[in-house]
Amino acid sequence: MRKLIALSFIVALVIGCTTVPITGRKQLTGVVGSEEVIAMSADAYKQVIDSVQLSTNQEQVAMIRRVGTRIQKAVEQYMNNNGYEGLLDGFDWEFNLIESNQVNAWAMPGGKVAFYTGILPICKDDLGVAVVMGHEVAHAVAKHGQERMNQNYAKQVGLSIGAVALGQDPTLAQQMVFQAVGIGTDIGLLKFSRTHESEADELGLTFMAIAGYDPSEAPKFWERMSAGSSGQAPPEFLSTHPSHETRIERLNAALPKAMEYYNKSTLK
């Protein structure tokens with residue numbers, strides 16, 4: 001039985017790989033599927049939103065939702081035009097602004113996004129919000145949370161195949177989903193890897209450009225974020241990101257291609 005479970009899991013690993021749009025990176029997402037992850041993430045998002053104080057600043061809330069909706073349309077347009085129509089199955093977009101001094105924003109699988117008011121002074125306006133929104137939406141679109149859950153699941157199966165085989169321990173499976181989306185942490189979302197962060201930068205730059213936001217704003221935003229740290233420990237939002245210098249260098253290198261999308265944008 002253990003050999004059969006192991007063989008089944010290996011097969012799942014082989015067929016459970018998908019490709020991230022734009023970057024082409026292969027990732028493991030098929031052992032614990034999108035439908036399950038998105039459903040649990042929606043529940044988790046509601047728990048967070050119900051437990052915090054949402055902003056009552058109508059102008060700022062409107063800005064978050066206005067930019068979020070344009071980024072959403074850009075993502076949907078790109079996916080439809082490039083053969084990724086099914087990638088957004090189950091997405092139910094939502095954009096909220098949380099009253100908090102934390103310099104942060106995050107997104108969950110399925111398109112659930114939250115900004116903290118503490119990051120808005122650095123964003124300054126719609127353009128700055130678009131930089132962050134594109135980056136966070138990219139995490140959801142690239143299925144980084146789902147990928148992390150599958151990686152965690154693979155490790156557990158490697159340690160004890162009989163105990164945590166898919167379907168054998170639903171409680172553990174649910175726990176892994178919550179770990180993947182970061183429920184139980186102070187900032188709402190656990191830290192992603194540097195690989196995920198760099199990938200989200202690249203996708204986010206493209207998404208904001210397609211949405212009609214000038215992508216040349218992205219390096220400027222991160223320069224402001226860098227200046228805001230004043231040599232102190234970086235905010236949680238930056239804690240596992242590439243260094244400021246590396247990020248800005250990579251964004252500038254990616255600008256020519258992003259500008260092509262921006263110049264052709266129909267969402268301006």
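Leaving aside its neighbours within four places in sequence, which residues is V75 in contact with? I looked this up and found L88, W93, V137, V141 and F207; contact here means heavy atoms within 4.5 Å.

**Entry 1. Basis of the model**

I note that this is a predicted model, in which local features need pLDDT of at least 70 and side-chain atom pairs count only at pLDDT 80 or more, while totals for chains, interfaces and linings use all residues. Residues are numbered from 1 along each chain as its sequence is written, and side-chain values use heavy atoms, with hydrogens and water left out.

**Entry 2. Confidence**

I looked up pLDDT, the predictor's confidence in each residue, from 0 to 100. The mean for the chain is 79, and 69% of the residues reach 70 or more. Where pLDDT is low, the predicted coordinates should not be read in detail.

**Entry 3. Chain totals**

I recorded 11 helices and 5 strands. These elements are DSSP runs numbered from the N terminus, helices being H or I of at least four residues and strands E of at least two. Of the 268 residues in the chain, 51% are buried; buried means under 20% relative accessible area, exposed over 50%, and partly exposed in between, with a 1.4 Å probe and protein chains only. The accessible surface comes to about 12300 Å², and carbon and sulfur atoms hold 51% of that surface. Accessible areas come from the Shrake-Rupley method with a 1.4 Å probe, and for residues only the protein chains shown count as cover. Of the contacts with a separation of 6 or more, 72% are between residues 24 or more positions apart.

**Entry 4. Nonpolar cores**

I then returned to V75. It belongs to the largest nonpolar core, of 54 residues, where I71, V75, F115, V129, M133, V141 and F221 touch the most other members. Such a core is a set of buried Ala, Val, Leu, Ile, Met, Phe, Trp, Tyr and Cys residues joined through side-chain atoms within 4.5 Å. Another core, of 9 residues, lies apart from it and includes I49, I98, M108 and A114.

**Entry 5. Aromatic rings**

I found 6 aromatic pairs in a search of the whole structure. Rings of Phe, Tyr and Trp (its six-membered ring) pair if their centres lie within 6.5 Å; planes under 30 degrees apart count as stacked, over 60 as edge-to-face and the rest as tilted. F91 and W93 form a tilted pair, at 5.3 Å centre to centre and 55 degrees between the planes. F91 counts as buried at 16% relative accessibility, and W93 is buried at 14%. W93 also pairs with F95, in a stacked arrangement at 6.2 Å and 20 degrees; F95 is buried as well. Elsewhere, Y78, F207 and Y261 form one aromatic cluster.

I also looked for charges over rings, which requires NZ of Lys or CZ of Arg within 6 Å of the ring centre and within 35 degrees of the ring normal. The charged end of R70 sits over the ring of Y213, 4.0 Å from its centre. The charged end of R247 is over the ring of W222, at 3.7 Å from the centre.

**Entry 6. Two buried positions**

I located L203 in helix α9 (residues 194-210); at 0% relative accessibility, L203 counts as buried. The C-alpha atoms of L203 and A142 are 8.4 Å apart, across 61 residues of sequence.

A105 is in strand β4 (residues 105-108) and is buried at 4% relative accessibility. Its C-alpha atom is separated by 8.2 Å from that of M133, 28 residues apart along the chain.

**Entry 7. Positive phi**

Is K124 buried or exposed? I found K124 exposed, with a relative accessible area of 58%. K124 lies in the loop between α4 (120-123) and α5 (126-141) and has a positive phi of about 75 degrees although it is not a glycine. K143, in the loop between α5 and α6 (144-159), also has a positive phi, near 60 degrees. K143 is buried, at 17% relative accessible area.
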